[in-house]
Amino acid sequence: MPDLLFRPWPWWVAGPLIGLVVPFVYWYGGKKWGVSSSLQHLCAATIPAGIGYFHYDWRKAGSWHLAMVAGIVLGGFIAARVLAPAELLVEISSATARDLHGLGLTDLTGLAPSEVFGWGALFSPAGIATVVVGGFLVGFGARYADGCTSGHAISGLASFQLSSLVAVVGFFIGGLLSTWVLLPLVL
Amino acid sequence: MPNTVAAPPDTAKEVPRDSLLVYLLLGTYLGFVFVRSEVASWFRIQEMFRFQSFHMYGIIGTAVLVAAVSVAIMKRMRARDHSGHVIPFGDPDGGRPHAQHILGGTAFGLGWGLLGACPGPIYALIGSGISVMVVGLASALAGAWVYGFLKPRLPHG
């Protein structure tokens with residue numbers, strides 16, 4: 001039984017576990033579940049700078065988000081460092097492994113490539129493009145679209161919101177461009 | 001010109017202290033699932049955008065399915081939240097698509113493909129020990145801040 005906690009979970013276990021968060025947050029909080037609002041609340045709490053978008057009572061509106069994302073950090077820690085297998089190896093398809101080797105990556109262990117996602121690589125073109133530019137676009141885009149994967153692809157689609165479908169189409173257009181055009185340029 | 005879609009954050013109800021613990025536990029559950037299911041893996045996102053595995057599609061697809069069925073049941077039962085209030089399913093704007101959804105969505109996607117993580121997994125990756133993702137989070141916050149700054153000048157509707 002405990003072995004199930006240590007081995008990677010298949011999609012048909014993980015998907016429903018994530019999906020259940022939507023009705024739970026509706027029932028417990030009367031709210032739509034999403035994660036990217038946390039970025040807005042954190043900005044409002046730290047550098048509102050007189051900007052209208054950050055001018056609201058973030059404690060009232062955002063405390064639940066901030067508690068949740070603190071929990072996500074903790075959950076990630078438990079999964080990777082406490083109830084964790086000896087080595088986190090994501091068994092990706094051989095086709096993907098081939099493609100990534102072709103882009104110059106040799107170490108495919110862990111959750112993210114150590115050659116790119118590390119302090120030593122941070123100031124390389126690959127590090128800047130993925131961590132800094134990628135991170136910036138995730139935050140900018142998620143707030144511009146008023147939702148990210150959780151808010152639009154899961155919660156929004158579950159409520160048949162056309163706006164969310166359009167957002168998801170955007171997610172894919174952007175993601176495909178990054179994968180096929182941008183990454184080969186920077187890796 | 002004004003953003004007709006995004007309603008201001010719900011400031012109506014103060015969240016009681018004990019329920020913050022519930023949200024902390026919810027987040028812990030999510031962070032664990034994100035890592036254990038490899039949703040937080042840059043490699044899995046690459047697989048997804050290369051269409052070389054069903055894994056991420058399976059996760060998002062079944063998540064949407066379970067969420068949709070649950071919401072449908074709650075609507076059918078006219079379920080109220082546990083404080084007894086009516087639950088506001090759906091966007092205040094009725095889910096109408098606007099320019100912000102395709103423009104913001106594409107910007108987000110560009111970032112997702114590069115970073116290999118959306119906001120939830122960013123937090124989980126920090127917890128998992130990939131400390132450089134703190135820079136990823138800081139960059140995401142910078143992006144959110146710049147959005148807030150530029151918002152009046154950006155096309156939304």
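Guide: A residue is buried if 20 or more other C-beta atoms lie within 10 Å of its own, exposed if 12 or fewer, and partly exposed in between, with C-beta atoms placed from the backbone. This is a predicted model, in which local features need pLDDT of at least 70 and side-chain atom pairs count only at pLDDT 80 or more, while totals for chains, interfaces and linings use all residues. Residues are numbered from 1 along each chain as its sequence is written, and chains are lettered from A and ligands numbered from 1 in the order in which they are written.

Visitor: Why does Lys60(A) count as partly exposed?
Guide: Lys60(A) has 15 C-beta neighbours inside 10 Å, and therefore counts as partly exposed. Lys60(A) belongs to helix H5 (residues 58-82) of chain A; a helix is a DSSP run of H or I with at least four residues, numbered from the N terminus.

Visitor: What makes residues of chain B count as in contact with chain A?
Guide: Two residues are in contact if their C-beta atoms, placed from the backbone, lie within 7 Å. By that rule, 113 residues of chain B are in contact with 115 residues of chain A. Among the elements giving two or more residues to this side of chain B are helix H1 (17-36) and helix H6 (133-150) of chain B.

Visitor: Into which domains is chain A divided?
Guide: Chain A has domain 1 (1-84) and domain 2 (116-187), with bounds from an automatic or database domain assignment. Their centres, taken over C-alpha atoms, are separated by 18 Å, and 10 residues of domain 1 are in contact with 10 residues of domain 2.
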